[in-house]
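Let's walk through this one together, going from a single residue out to the cores and then to a sheet. Keep the viewer open as you read.

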Amino acid sequence: MSPSRNPDQLELPAALVAALSEARGAPLLVALDFDGTLSLIVPHPAQARPVAGALPVLARLAGSPGVTVALVSGRPVADLREVSGVTESVLLIGSHGAEWGGRDHKRLSDRQAETLRQVRTEVAAMVDATPGAMIEPKPAGFAIHVRQAEPTAGAELHAAVQALARAADLHVLAGKSVLDVGVHPLDKGAAVMELRHRLGDPTVLFAGDDVTDETVMTAAQSTDITIRVGPGETSARFRVPDPHALVTALEYVVESRATLAP
């Protein structure tokens, strides 16, 4: 794909194409959510896979001078690596920032571990009593998925889990048909900004599709390129309709930076 093609041919917003073009010579951190951003939303989390073209463009980005690529997800790192299929050239940050590269970013004290065990045991019984609901264990927490549950029952389950978690001083983060509970704060924005600091303050290109991604949108600088994938209220500068369009945008980044190569 040639970056000289016009925005209509690229099927991307003209303002987004302009921003990508302006940033093509700058150091760049490409940080991306996975579910609903690089993959389509599926009935069961284990079924998620990158859309066509996603893996090749991530590999090319990771191999581009001055570019760091990271996936920033609510999934545990091990699970994220399995479903995404990315290589070691892509950094993985999981559990909404609590895990970095497969290692616990923040350790649990004995007291925290016991509190989490007790709450998770109670919640597991509540999930078993709610058809269609499922619990996803994580190193420092868990998530409750209700996409397949009856809507009222799912909402009641989430409300009950929130009350139980907050009574135990755990952190809660609600997303699309999912409720995350963790011992540590659940904040993708803090994780991305920490990674940016470690890399020497590059421009950030971040894309996400859920309310859990808005912490990055609001933490970003005005010169960063933040993209909402799909519908919903957002603080992102730009929006694309689906993961396929995001892949197109990433392909444009690769090609536009390639024109600067000696």
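A word on naming before we start: helices (H or I, at least four residues) and strands (E, at least two) are DSSP runs, numbered from the N terminus. What you have here is a predicted model, so local features need pLDDT of at least 70 and side-chain atom pairs count only at pLDDT 80 or more, while totals for chains, interfaces and linings use all residues. Residues are numbered from 1 along each chain as its sequence is written, and side-chain values use heavy atoms, with hydrogens and water left out.

Start at Leu-92, which sits in strand S3 (residues 91-94). Is Leu-92 buried or exposed? Leu-92 is buried, because its relative accessible area is 3%, and buried means under 20% (exposed is over 50%, partly exposed in between, using a 1.4 Å probe and protein chains only). Leaving aside neighbours within four places in sequence, Leu-92 is in contact (heavy atoms within 4.5 Å) with residues including Leu-71, Leu-80, Val-86 and Trp-100.

Now hop over to Leu-71. Again setting aside neighbours within four places in sequence, its contacts include Leu-32, Phe-34, Leu-58, Leu-92 and Ile-93. Leu-71 also stands out in the largest nonpolar core, which has 41 residues: Leu-32, Leu-71, Leu-205 and Leu-250 touch the most other members. A nonpolar core here is a set of buried Ala, Val, Leu, Ile, Met, Phe, Trp, Tyr and Cys residues joined through side-chain atoms within 4.5 Å. Helix H9 gives the most to this core, with eight residues. Apart from it lies another core of 17 residues, among them Leu-116 and Val-181.

Next, the sheet. Four strands make an open sheet in the order S6-S7-S9-S8, with antiparallel pairing; two strands pair if DSSP finds at least two bridges between them. The edge strands, S6 (134-138) and S8 (171-175), each pair on one side only. S8 and S9 (residues 178-182) are joined antiparallel over five bridges, and Gly-175 has Val-178 of S9 as its bridge partner. Helix H6 (residues 151-167) packs on the sheet, where H6 touches S7 (141-145), S8 and S9.

Finally, go back to H9 (residues 243-258), and look for H2 (residues 14-22) packing against it. Which residues make the contact between H2 and H9? Leu-16, Val-17, Leu-20 and Ser-21 come from H2, and Ala-249, Tyr-252, Val-253 and Ser-256 from H9.

Notes. Axes are lines fitted to C-alpha atoms, for helices over the stretch in contact, and angles run from 0 to 180 degrees between N-to-C directions.
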